[in-house]
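Visitor: I would like to learn how to read a structure like this one, feature by feature. Please give me the general idea where there is one, and then the case at hand.

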Amino acid sequence: MKTYRITITMPDGSQGRALGIFASACAAIVAVMDDFPQAKRISARRLP
């Protein structure tokens, strides 16, 4: 499990960021998609 910084961009351009522990970047994005289905963009970066 690794720590990821997740950035969520909504259709109106507002952004939110969160940290989470996930098995992969894909798992992080899928988890966030469930919580924010209207998101325009979701990115996940692994932190060192």
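Guide: Begin with the order of elements: from the N terminus on, the protein chain runs β-β-α-β. That makes one helix and three strands. Keep in mind that this is a predicted model.

Visitor: What does the C-alpha trace span along its principal axes?

Guide: The span is about 30 × 20 × 10 Å. The accessible surface of the chain comes to about 3600 Å², and carbon and sulfur atoms account for 54% of that.

Visitor: How do I read a sheet, and in what order do the strands form it here?

Guide: Strands of a sheet pair through backbone hydrogen bonds, in either the parallel or the antiparallel sense. In this model three strands form an open sheet in the order E2-E1-E3, with antiparallel pairing. E2 and E3 stand at the edges with a single partner strand each, so one side of each has no neighbour in the sheet. On average, neighbouring strands of this sheet are turned by 25° against each other, direction ignored. Helix H1, residues 25-35, packs on the sheet and touches E1, E2 and E3. The direction of H1 makes about 145° with that of E3.

Visitor: Over how many bridges do E1 and E2 pair?

Guide: E1 pairs with E2, residues 15-22, over eight bridges in the antiparallel sense.

Visitor: Is Thr7 buried or exposed?

Guide: The cut-off for buried is under 20% relative accessible area. Thr7 has 14%, so Thr7 is buried. This residue lies in strand E1. Leaving aside neighbours within four places in sequence, Thr7 is in contact with Gln15, Gly16 and Arg17, and also with Arg41, Ile42 and Ser43.

Visitor: Which residues does Thr9 touch, beyond those up to four places away in sequence?

Guide: Thr9 touches Ser14, Gln15, Ala39, Lys40 and Arg41. Thr9 lies in E1, which covers residues 2-9. At 12% relative accessibility, Thr9 counts as buried.

Visitor: Show me a residue at the other end of the scale. Is Arg46 buried or exposed?

Guide: Exposed means over 50% relative accessible area. Arg46 has 54%, so Arg46 is exposed. Arg46 lies in strand E3, residues 41-46. Not counting residues up to four places away in sequence, Arg46 touches Lys2, Thr3 and Tyr4.

Visitor: How far apart in sequence and in space are Arg46 and Ala25?

Guide: Arg46 and Ala25 are 21 residues apart in sequence, and 7.2 Å apart in space, C-alpha to C-alpha. Ala31 has its place in helix H1. With a relative accessible area of 28%, Ala31 is partly exposed.

Visitor: What share of the contacts joins residues at least 24 apart in sequence?

Guide: Among contacts between residues at least 6 apart in sequence, the share is 46%.

Visitor: Now the core. Which residues make up the largest nonpolar core?

Guide: In soluble globular proteins, nonpolar side chains tend to be buried together. The largest nonpolar core here has 10 residues: Tyr4, Ile6, Ile8, Met10, Phe22, Ala28, Val32, Ala39, Ile42 and Ala44. E1, H1 and E3 are the elements that give two or more residues to this core. E1 supplies the largest share, three residues.

Visitor: Take Ile8 from that core. Which residues does Ile8 touch, not counting residues up to four places away in sequence?

Guide: Ile8 touches Ser14, Gln15, Gly16, Val32, Phe36, Ala39 and Arg41. Two of these, Val32 and Ala39, are also listed in the core.

Visitor: What percentage of the chain do buried residues make up?

Guide: Buried residues make up 27% of the 48 residues in the protein chain.

Terms used:
Residues numbered from 1 in each chain as written. Predicted model: local features only at pLDDT ≥ 70, side-chain atom pairs only at ≥ 80, totals over all residues. Heavy atoms only, no water. Helix = DSSP H or I, 4+ residues; strand = E, 2+ residues; numbered from the N terminus. Buried < 20%, exposed > 50% of the residue type's maximum accessible area, 1.4 Å probe, protein only. Contact = heavy atoms within 4.5 Å. Areas by Shrake-Rupley, 256 points an atom, 1.4 Å probe, with all protein chains shown as cover. Pairing = 2+ DSSP bridges. Axes fitted to C-alpha atoms, helices over the stretch in contact; angles between N-to-C directions. Core = buried A, V, L, I, M, F, W, Y, C linked by side-chain atoms within 4.5 Å.
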